[in-house]
Amino acid sequence: MVYGKACSANIDPIEKKPLFHYLPGSSALSIATAGCNVNCKFCQNWEISQVRPEQVTHYDFPPQAVVQSAQKNSCPVIAYTYTEPIIFYEYMYDTSVEARKKGIKSVVITGGYINPEPLVELTKVVDAIKVDLKAFSEDFYSSYVKGKLEPVLEAIKIIAQNNIWMEIVYLVIPTLNDSAKELRSVCQWIRKEIGPDVPIHFSRFHPMYLMKNLPSTPISTLEKAHKIAIEEGLHYAYVGNVPGHRAENTYCPKCQNTVVQRTGYQIQKIGIVAGRCENCSTPIPGIWS
Ligand code: SF4
């Protein structure tokens, strides 16, 4: 129903997805169709995710045209994003296949609410996946997402097992998923099940859609989450949606050298040579060129 019918197409910095360890500074042709398989009460793109395809303006943008557009606009990456790309799985899949033929990478921005079999197939044709882990409790998923946590955790494990570059975003919402206990639990789970090197972004919530009754996340709460992640042994924890915060940078976990310096979506410095810290040669996981 939405195959080849994009309702949104823009060129974004890859840092906006956010993907921090994947081709930093590159431009991503970013596309979406209408629809989603869940209903987050805090969705920032609800005007296109929570409607039927016929309720939004769309235009014909078949896979070959998407790839040609990426080439024409010097985008080395195509991102499937804004809504939930699982909704337009076949369109995303075919576009990724076409893109790979032309040397263009594909990245998926998803809530990870997908069955194992199609996810495994998808990992064969895309290059990176960012998963929104929205909380670490089934109650939250039931009340505020209209989905389930367990399939998302399973999806994260499958992505890791299939050697696709992955980053995780945790949107920290005041009073709902921001307790030290829950944050520590999610960090411990990631450390145990995936390992210390998957980047985790603790992003700032702002009131919107059906959740205008809560304030923006205090920066101190994001810093608490970041501190817990480091305490639990995660090497690459970030604070998101706070431009200029020092936790937007990537630090070498061994010598603490700033290996990627960022402000918002801008890159100021990359101190990684052949995948290693320029100062102490520690490998920094990611796809850097
Ligand atoms: S999964 Fe993403 S697009 Fe879908 S409702 Fe939630 S935030 Fe919106």
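Me: Two strands pair if DSSP finds at least two bridges between them. By that rule, what makes β12 and β13 a pair?

Reply: In this predicted model, four bridges join β12 to β13 (residues 266-270), and the two run antiparallel. Four meets the requirement of at least two bridges, so β12 and β13 count as paired. One facing couple is Val260 and Ile270, the latter in β13. The hairpin of β12 and β13 has two residues between the strands, and Gly264 takes a positive phi near 60° there.

Me: How do you know that β11 and β12 pair?

Reply: Strand β11 (residues 250-251) and strand β12 (residues 258-263) share two bridges in the antiparallel sense. The cut-off is at least two, so the pair qualifies. Thr250 stands opposite Val260 of β12. These strands also form a hairpin, with six residues between them. Gln256, in its turn, has a positive phi of about 70°.

Me: What makes Tyr209 buried or exposed?

Reply: Tyr209 has a relative accessible area of 17%. Tyr209 is found in the loop between β9 and α8 (219-231). Although not a glycine, Tyr209 has a positive phi of about 50°.

Me: What makes β2 and β10 edge strands?

Reply: In the open sheet, eight strands follow the order β2-β3-β5-β6-β7-β8-β9-β10, with mixed pairing. β2 (8-13) and β10 (237-240) each pair on one side only. On average, neighbouring strands of this sheet are turned by 20° against each other, direction ignored.

Me: How do you know that β6 and β7 pair within this sheet, and in which sense do they run?

Reply: Strand β6 (residues 105-110) is joined to strand β7 (residues 128-132) by four bridges, and the two run parallel. With at least two bridges required, four is enough, so they count as paired. The bridge partner of Val108 in β7 is Ile129.

Me: Where does helix α7 lie, and how does α7 run relative to β8?

Reply: Helix α7 (residues 180-193) lies across β8 (165-172) and β9 (200-204), running at about 175° to β8.

How values were computed. Residues are numbered from 1 along each chain as its sequence is written. This is a predicted model: local features need pLDDT of at least 70, side-chain atom pairs count only at pLDDT 80 or more; totals for chains, interfaces and linings use all residues. Side-chain values use heavy atoms; hydrogens and water are left out. Axes are lines fitted to C-alpha atoms, for helices over the stretch in contact, and angles run from 0 to 180 degrees between N-to-C directions. Contact means heavy atoms within 4.5 Å. Buried means under 20% relative accessible area, exposed over 50%, partly exposed in between (1.4 Å probe, protein chains only).
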